[in-house]
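Try each one before you read its solution.

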Amino acid sequence: MLAKYHIEYAMYVGRNAHVNHYQTDDPVAAEEFLVHVLEHGYRFHALRHEGVALPRHESDKMLKTAAGVLASRHLCTSLGIKPEEEHFRFGFAA
């Protein structure tokens, strides 16, 4: 049985790319893993839903949400504020 979400990404060790896969049935876990991919600077390759590559605008939307979550976390940490204040001041995902 196929996982609902399949994320393909690459980690670079020196000049060598190691392609990895992450699979989950939970859309929240998939978004959280995209945050992890962005935070660590891994190369994003593909996002599939039930075995079919998502259209670019849909995968871009998920990546944009993940980037907003990451920005929010960094602002909260750097400024020492709570997510609610960050959302009010900067408008990223709370």
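**Exercise 1.** Within what distance do the axes of α1 and helix α2 (residues 56-79) come, and at roughly what angle do they cross?

*Solution.* This is a predicted model, where local features need pLDDT of at least 70, side-chain atom pairs count only at pLDDT 80 or more, and totals for chains, interfaces and linings use all residues. Residues are numbered from 1 along each chain as its sequence is written, and side-chain values use heavy atoms, leaving out hydrogens and water.

Step 1: two packed helices are described by the angle between their axes and the distance between the axes.
Step 2: the axes of α1 and α2 come within 8 Å and cross at roughly 65°. Axes are lines fitted to C-alpha atoms, for helices over the stretch in contact, with angles from 0 to 180 degrees between N-to-C directions.
Step 3: α1 and α2 are therefore roughly perpendicular to each other (65 to 115 degrees).

**Exercise 2.** Is Val28 buried or exposed?

*Solution.* Step 1: find Val28 in helix α1, residues 27-40.
Step 1: its relative accessible area is 58%, so Val28 is exposed (over 50%; buried means under 20%, partly exposed in between, with a 1.4 Å probe and protein chains only).

**Exercise 3.** What is the phi of Glu50?

*Solution.* Step 1: look in the loop between β3 (43-49) and β4 (52-53), where Glu50 sits.
Step 1: most residues other than glycine have a negative phi.
Step 2: Glu50 is not a glycine, yet has a positive phi of about 55°.
Step 3: with a relative accessible area of 46%, Glu50 is partly exposed.

Conventions:
Helices (H or I, at least four residues) and strands (E, at least two) are DSSP runs, numbered from the N terminus. Angles under 35 degrees count as roughly parallel, over 145 as roughly antiparallel, 65 to 115 as roughly perpendicular and the rest as oblique.
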